Amino acid sequence: MMRLLIVMLALVPVVLGDIVILNTPDGVYHPASCARTCSGVKDSTSWQNSGDYPGKVYIGVHIGNCGFVSAPVVIVSTKGVRASDSNRIVCPSVSVMRRLTKSKFSVVSVEDTTATKVMTSQCDVHWIATGYTC
């Protein structure tokens, strides 16, 4: 009886977890058992002003430890602290921009801002990536 209980408890996390990937950036599909969601926070200390897109800022995010075999689907947002002079959060809207690979991606501001502003507001990047590991 105890063995059966242990086996059932070991299977519960597998049965309850369900990741469905409808589309991928490269259009390649893998077995459902290879699907993984990985998430994290990139701190605000490495924002840079963009030379390619004046008025925009960007930050690189490394996701190599997620173990993806191809570029995942990535969702990003920013979270910061209130500005002392206006009592409002001044983190820009962001999007995933170019250089999306299985191990890294770049985030760029949609609105015009500066690296100094987003670092002062401590605009961390919160990200979620869903892809395949095999």
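Numbered in sequence order, the bonded cysteines of the protein chain pair up as 1-6, 2-3, 4-5. That makes 3 disulfides in the structure, a disulfide being a pair of cysteine sulfur atoms within 2.5 Å. The model is a predicted one, so local features need pLDDT of at least 70 and side-chain atom pairs count only at pLDDT 80 or more, while totals for chains, interfaces and linings use all residues. Residues are numbered from 1 along each chain as its sequence is written, and side-chain values use heavy atoms, with hydrogens and water left out.

Take the link of Cys34 to Cys134, with an S to S distance of 1.6 Å. The angle about its S-S bond is -80 degrees, and the link is left-handed. Helices (H or I, at least four residues) and strands (E, at least two) are DSSP runs here, numbered from the N terminus. The two ends of the link are placed as follows. Cys34 counts as buried because its relative accessibility is 3%, whereas Cys134, at 46%, counts as partly exposed. On this scale buried means under 20% relative accessible area, exposed over 50% and partly exposed in between (1.4 Å probe, protein chains only).

Next comes the disulfide of Cys38 and Cys66, at 2.1 Å from S to S. Its torsion about the S-S bond is about -70 degrees, so this one is left-handed. Cys38 belongs to strand β1 and Cys66 to the loop between β3 and β4, so the pair ties together parts that are 28 residues apart in sequence. Both Cys38 and Cys66 are buried.

The sulfur atoms of Cys91 and Cys123 are 2.1 Å apart in another disulfide. A torsion of about -100 degrees about the S-S bond makes the link of Cys91 and Cys123 left-handed. It links distant parts of the chain, with Cys91 in the loop between β4 and β5 and Cys123 in the loop between α2 and β7, 32 residues apart. Cys91 is buried, and so is Cys123.

On to the strands, where two count as paired if DSSP finds at least two bridges between them. β7 has antiparallel partners in β1, over 8 bridges, and in β4, over 7 bridges. Thr130 of β7 turns up in both pairings: Thr37 stands opposite Thr130, and Thr130 is also the bridge partner of Val73. Elsewhere, an open sheet of 4 strands runs in the order β2-β3-β6-β5 with antiparallel pairing. Its edges are β2 (48-49) and β5 (94-97), each of which pairs on one side only. Inside that order, β3 and β6 run antiparallel and are joined by 5 bridges, with Ile59 opposite Val107 in β6. In a regular strand, side chains alternate between the two faces of the sheet.

Now for the packing. A nonpolar core is a set of buried Ala, Val, Leu, Ile, Met, Phe, Trp, Tyr and Cys residues joined through side-chain atoms within 4.5 Å. The largest one has 20 residues, of which Trp47, Ile63, Val76, Phe105, Val107 and Trp127 touch the most other members. At least two residues of this core come from each of β3 (57-62), β4 (73-79), β6 (104-109), α2 (115-120) and β7 (124-132).

Trp127 is worth a look of its own. Leaving aside neighbours within four places in sequence, Trp127 is in contact (heavy atoms within 4.5 Å) with Cys38, Ser39, Gly40, Val41, Lys42, Val61, Ile63, Cys66, Ile75, Val76 and Phe105.

A search of the whole structure finds 1 aromatic pair. The ring centres of Phe105 and Trp127 lie 6.1 Å apart with planes at 75 degrees, so the pair is edge-to-face. Phe105 is in strand β6 and Trp127 in strand β7, 22 residues apart, so to speak a link between distant parts of the chain. The rule used is that rings of Phe, Tyr and Trp (its six-membered ring) pair if their centres lie within 6.5 Å, with planes under 30 degrees apart counted as stacked, over 60 as edge-to-face and the rest as tilted. Both Phe105 and Trp127 are buried.

Asn65, by contrast, is in the loop between β3 and β4 and counts as exposed because its relative accessibility is 77%.
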